[in-house]
Structures are given as structure tokens and as C-alpha cells.
Amino acid sequence: MSIPTSEQKVIDAVPKQLLIGGEWHDGGGGETLAVEDPSTGETLVEIADATPADGDAALSAATEAQFAWGDHPPRERGEILRRAWQEISDRADELALLMTLEMGKSVAESKAEVTYGAEFLRWFSEEAVRIAGRYAIPPNGQGRMLVMRQPVGPCLFITPWNFPLAMGTRKIAPAIAAGCTMVVKPAQQTPLSMLALADILQRAGLPDGVLNILTAKSSGKLMGPLIADRRARKLSFTGSTEVGRELMKQASEQLLRVSMELGGNAPFLVFDDADIDAAVEGAVLAKMRNVGEACTAANRFHVATGVAEEFTQKLAARIGAMKVGRGTEDGVEVGPLIDNDQRGKVDELVTDAVGRGAEAVVGGAVVDGPGYFYEPTVLANVSAESRLLSEEIFGPVAPVVGFSDEEEALDWANRTEYGLVAYVYTRDLGRAFRVCERLETGMVGLNQGMVSNAAAPFGGVKQSGFGREGGVEGIEEYVETKYVAMTLP
Ligand code: NAD
């Protein structure tokens with residue numbers, strides 16, 4: 001099947017090479033990496049495949065650029081970010097189409113990600129000029145204390161496929177604002193949005209070597225040596241807990257500073273005093289955003305038994321009516337999953353739950369035909385042992401489980417090794433505070449089904465990782481503290 005001209009045009013506009021030291025290069029090994037359209041399974045384009053030698057060159061470029069970049073006026077660093085934000089905003093439609101082609105979600109959802117992803121550039125353009133140290137008189141009054149905030153140094157960034165732009169800008173923007181240089185490796189499934197971003201940042205005036213982009217078929221082979229390289233000072237990873245654990249081990253060799261944004265298993269709690277219609281709307285957003293392929297996706301719905309039937313039926317009616325199809329088609333709300341493996345995993349989890357007595361109120365099966373589609377699904381009567389209550393589903397499947405009181409709801413919510421986000425629906429203010437305080441998560445959506453916001457500290461606890469992206473906290477990941485003890489002559 002040939003690619004329509006409008007789609008070919010946005011693909012043609014993206015660089016297909018590696019960005020090293022401000023120049024676009026082919027991979028040193030001459031190999032290429034195929035980027036697929038998950039709605040057809042067909043190759044969209046071939047791009048450069050980086051070798052370890054390319055990785056070394058990229059880290060050399062980042063290292064060479066570090067001193068001058070750290071010394072660059074903060075206002076100018078901020079203005080580069082601001083210009084890039086403006087260009088992304090102006091080209092949002094085209095960038096959204098590009099994202100849909102490589103990742104699958106609807107163009108409307110891609111556009112929301114383009115806006116969200118770009119917002120980190122604007123937010124950190126404003127933070128760049130607010131990185132302040134401190135001055136103090138020691139308690140004994142002798143001498144003075146000066147606390148400096150300096151860029152951490154060359155950073156390594158590894159990002160996932162589910163939010164191809166925003167998972168990059170959440171790291172790149174604060175690093176630029178703080179004066180760090182970087183080597184970025186996007187996921188092999190969705191590198192095009194990152195290449196487009198790099199092109200925009202270059203044209204916005206980012207000096208050569210500050211941002212280097214490597215695309216590769218084998219992430220481990222490329223990034224392993226860079227993580228072990230003493231010139232790197234920081235690793236920030238967004239992806240699965242399993243890979244995060246492995247990268248932590250590698251980073252421990254040279255005690256790299258590390259930020260980890262890992263997997264989730266978000267509980268969505270609906271109490272009997274909640275506004276059920278609002279809870280259903282919040283549930284649709286928390287579950288179906290990004291086709292369920294979000295670390296923040298509500299993984300399991302725990303609902304007070306008195307309102308569970310009403311909630312389940314209303315949720316099934318909303319989710320069951322969502323249009324499934326290629327993300328570029330009008331009215332489509334649910335695109336394909338990223339690949340056949342991901343769809344196979346979702347199907348396996350549903351089969352396991354049904355085998356243990358769950359009932360598919362709506363959906364519950366793979367959609368035939370090309371592309372990796374799965375039916376939007378609501379499961380009732382899900383038994384406690386079902387794997388999808390403890391494993392990350394990463395697909396459009398909503399299991400509903402009843403609870404009898406607040407203690408049981410909290411027990412369910414915290415019964416996981418993950419701790420990224422939880423959602424709570426209640427109109428009782430006392431309960432809202434009690435529950436928010438006892439949830440073992442880095443974030444809570446209280447009477448809302450989405451928490452993502454460039455102005456807020458995004459991140460998890462337990463095995464969802466550590467470090468925060470966004471907010472005033474986001475810059476902390478990219479600055480070191482240096483204390484100068486001064487004797488005044
Ligand atoms: P993944 O862990 O398979 O891959 C993430 C990135 O790591 C990709 O770029 C991949 O190429 C790279 N990678 C894989 N193995 C590597 C290795 N050995 N060495 C170096 N790099 C390696 O995750 P994914 O499937 O791309 O993304 C989905 C996961 O990401 C989910 O678990 C999701 O919850 C998580 N996620 C978390 C957040 C968050 O902010 N907490 C945000 C988005 C996604």
C-alpha cells in the first residue's frame with residue numbers, strides 16, 4: 001500500500017540521520033532502521049542506525065560543548081527554548097500527523113501530546129533564569145557561605161515509544177535550561193518525532209554539540225558503553241521497570257546521577273459518595289488516553305460495591321462506543337497498539353482474567369486485519385489473582401473490582417510494587433485528604449482522570465522510580481550544588 005502524499009510530505013520533512021556535533025550523519029556501519037506504521041504493519045521509512053563509534057562521537061561532542069554551554073547566558077538558553085516552543089506550536093498539525101504515523105494514536109491525541117510536549121519547552125524557558133544559589137553567614141559569624149548551582153554536565157537520555165515527543169522534552173528542556181549538554185536515544189519504534197524536535201531546536205539556535213541524537217536498532221549495545229563512560233555525568237531513563245533496573249546496575253559502576261521514570265499500575269478508586277458520571281468520564285480519560293499505553297493509565301478500577309454495577313455499565317457504554325481505526329481517520333478515538341508483541345501481551349492478560357471467571361461486559365478480543373488493534377474492553381467479576389491486577393496492561397482494557405470500605409480500597413490501591421499515580425473519586429473532603437495522604441504514589445488525580453502538566457512535578461515512588469520531571473522540581477535533576485566556604489581576608 002502506498003503512503004498518501006500528505007503523509008509522505010511530513011515524513012520527507014524529517015531528518016533521517018544521526019545528529020552529532022551539530023551535523024547530520026549516516027550511521028557509521030551503513031545500516032538502517034525501519035520505522036513502521038502500527039496501523040498497517042508497513043514500513044514508513046528507513047533511518048540511520050547508530051554504532052557504538054557513533055555513540056562515542058556523540059558523547060565527545062556533548063563533552064566538548066559542555067563548558068561553553070554551561071557558561072551561556074541563561075536568558076539566551078531560555079529564548080532558544082521559547083523559539084522552539086513557538087515553532088512546534090505553529091506546526092502542531094504536521095507534527096501531530098507525524099506522531100500518529102509512527103505511534104498509532106489518533107491525530108487529536110497526538111495534537112494534545114504536541115501541545116503538552118511543547119509546553120515543557122515554554123515552562124523551562126521561564127525557569128532558565130531562575131536557577132539561584134544562596135549566600136549565608138555561618139552560625140559562628142566567621143567567614144561566609146556561598147552555594148552555587150551548576151549544570152550537572154553531559155547527560156544521557158533514553159526515552160520510550162508511548163509519548164514520542166513529550167518524554168523527550170521533559171528531559172531535554174530542563175537540561176537546556178540548566179546548561180547541560182546531552183545525548184538522546186529515542187525508542188526505535190518512534191524516532192521521527194524526536195528527529196523533528198532536534199531539527200527545530202537546531203534552527204532555534206541551539207549551539208552545535210548541545211543536543212546529539214542517536215537512533216538505533218540495538219539500544220543496549222549503543223548505550224552500554226556510554227553509561228560506562230566517565231565523561232557522562234547523568235542518566236535519565238523513561239521506560240519499563242525491568243529495563244530501568246538493568247540500567248541502574250550499569251550506572252552504579254561509575255555512580256552516575258540517575259533519574260528513573262518507570263512503569264505504573266495505577267488504581268482508580270470510586271467511592272460511593274462520588275459523582276458517578278464524573279467518575280466515568282475521568283475513567284475514560286485515565287484508561288483510554290494513548291490507547292491505554294501510558295505509564296499513568298488507570299490499570300484497575302476499584303469501585304464501592306453499592307455503585308459498582310452502575311459505574312461498570314456506564315463505563316462499558318462509553319468505552320464500547322469508541323471508534324477504533326487508523327489514527328488518521330476522522331472520528332477515530334482508539335488507534336492500534338504499538339506492535340504485535342504488545343497486543344499479544346494484552347490479549348494474554350485478558351485471557352488469563354476470563355479464565356479465572358471475569359466477564360467481558362464489552363470487547364475482550366483482538367481485532368482482525370492489518371495493524372495491531374485490540375477491542376476497547378471492560379471486564380467485571382475480576383478475581384483477585386488475575387494477572388492484569390498486578391501487571392501493567394498497556395492497552396485499552398478496564399478491569400473492575402468491588403470494595404466494601406475505605407480500608408479495603410486503600411489496601412487494594414497500595415497492593416503493588418509500583419507507585420506512580422492513583423486516581424480517587426469522592427465528594428467527601430475528609431476522605432479525600434485521608435486517602436491522598438495514605439496512597440503510596442508520587443501523584444494523585446483527585447476527581448480528575450489526568451495529572452500530566454508541565455508545571456507539576458511528575459514522577460513515582462517504589463518501583464515506579466525516582467526523580468521528578470516538570471514543575472520547579474524538574475530543574476533540580478540537572479543542577480549540582482557546590483558550596484564555597486569563604487574566609488574574608
Ligand atoms: P522499554 O523499557 O522497553 O524501552 C524504553 C527505552 O529503553 C527505549 O528507548 C529502548 O530502546 C531502551 N532500552 C531497552 N533496553 C535497553 C538496554 N538494555 N539498554 C539501553 N536502553 C534500552 O519501555 P517501552 O516499552 O519503550 O515503554 C513502555 C514503558 O515505559 C512502560 O513500562 C511505561 O509505564 C513506561 N513509561 C514510564 C513513564 C514515566 O514517566 N514513569 C512514562 C512513559 C512510559
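Helix 8 gives the largest share of the shell around the ligand, namely three residues, in what should be read throughout as a predicted model. The ligand itself sits in the largest pocket, and the elements that give two or more residues to its shell are helix 6 (166–178), helix 8 (219–227), strand 10 (234–238) and helix 9 (241–252).

**Make-up of the shell**

- There are 29 residues around the ligand, and those that come nearest are Thr159, Gln188, Ser219, Ser240 and Glu392.
- Sorted by class, the shell consists of 15 nonpolar, 10 polar and four charged residues.
- Both domain 1 (5–262 + 465–484) and domain 2 (266–453) take part in the shell, with at least three residues drawn from each of them.

- Tryptophan 161 places a polar side-chain atom 2.9 Å from an oxygen atom of the ligand.
- Arginine 170 likewise has a polar side-chain atom at 2.8 Å from an oxygen atom of the ligand.
- For leucine 262, it is a polar backbone atom that lies 2.7 Å from a nitrogen atom of the ligand.
- On its own the ligand has 840 Å² of accessible area, of which the protein covers 86%.

Terms used
Residues numbered from 1 in each chain as written. Predicted model: local features only at pLDDT ≥ 70, side-chain atom pairs only at ≥ 80, totals over all residues. Heavy atoms only, no water. Near = heavy atom within 4 Å. Polar contact = N/O pair within 3.5 Å; in protein donor to acceptor, adjacent residues only side chain to side chain. Areas by Shrake-Rupley, 256 points an atom, 1.4 Å probe, with all protein chains shown as cover. 1 Å grid on protein atoms, 1.4 Å probe; cavity = no way out; pocket = protein on both sides within 12 Å on 5 of 7 lines; lining within 4 Å. Sits in = over half its atoms within 2 Å of the grid points. Helix = DSSP H or I, 4+ residues; strand = E, 2+ residues; numbered from the N terminus. Nonpolar A, V, L, I, M, F, W, Y, C, P; charged D, E, K, R; others polar. Domains from an automatic or database assignment.
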